[in-house]
Amino acid sequence: MSWEPDAACHSGVAALYFAPYAECGPERELRERAAKAICARCPVRRQCLESAMSADIRYGLWGGLTEDERRRERRNRARRRRAMA
Ligand code: SF4
């Protein structure tokens, strides 16, 4: 994708973006917080999020949002589309 070279994340921090098997609550929270801190200063955050949303990527943290947050965002967008129709 054309925006990837500008991403603030890189291979050295890739493990922050995907939950390891059997990760528990506090560990997940710390990992996601660290990943989101990188996303917060990423110049291509919007493109990253839209790419994940349009491709319906279910796993990992993309564009600063976790799987659950993207699922919620997907529902909210659908709700807004229905309200505008
Ligand atoms: S928004 Fe986050 S996951 Fe997406 S490219 Fe930027 S740093 Fe990486």
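Where is Trp62 found? In this predicted model, which numbers residues from 1 along each chain as its sequence is written, local features need pLDDT of at least 70, side-chain atom pairs count only at pLDDT 80 or more, and totals for chains, interfaces and linings use all residues. Side-chain values use heavy atoms, with hydrogens and water left out. Trp62 is found in the loop between helix 2 and helix 3.

The secondary structure of the chain comes to three helices and zero strands, where helices (H or I, at least four residues) and strands (E, at least two) are DSSP runs numbered from the N terminus. Read along the sequence, the pattern is α-α-α. The C-alpha trace spans about 45 × 30 × 20 Å along its principal axes. Of the 85 residues in the chain, 33% are buried (buried, under 20% relative accessible area; exposed, over 50%; partly exposed, in between; 1.4 Å probe, protein chains only). Contact denotes heavy atoms within 4.5 Å; among contacts between residues at least 6 apart in sequence, 43% join residues at least 24 apart.

The chain exposes about 5900 Å², of which carbon and sulfur atoms supply 56%; accessible areas come from the Shrake-Rupley method with a 1.4 Å probe, and for residues only the protein chains shown count as cover. There are 18 positive and 12 negative side chains, and the centres of the two sets lie 7 Å apart. In this count Lys and Arg are positive and Asp and Glu negative, without His and the chain ends, and each charge is placed at NZ of Lys, CZ of Arg, CG of Asp or CD of Glu.

Trp62 counts as buried because its relative accessible area is 17%. Leaving aside neighbours within four places in sequence, Trp62 is in contact with Trp3, Phe18, Cys48, Leu49, Ala52, Ile57 and Arg70. Leu49 lies 13 residues from Trp62 in sequence and 5.6 Å away in space, C-alpha to C-alpha. A polar atom of the Trp62 side chain lies 3.2 Å from the backbone oxygen of Tyr59.

Thr66 is placed in the loop between helix 2 (45–54) and helix 3 (67–84). With a relative accessible area of 7%, Thr66 is buried. Its contacts, apart from neighbours within four places in sequence, are with Glu32, Lys36, Gly60 and Leu61.

Cys48, a contact of Trp62, is buried at 13% relative accessibility. Cys39 is likewise buried, with a relative accessible area of 7%. A search of the whole structure finds zero disulfides, a disulfide being a pair of cysteine sulfur atoms within 2.5 Å.

Note on methods
Polar contact = N/O pair within 3.5 Å; in protein donor to acceptor, adjacent residues only side chain to side chain.
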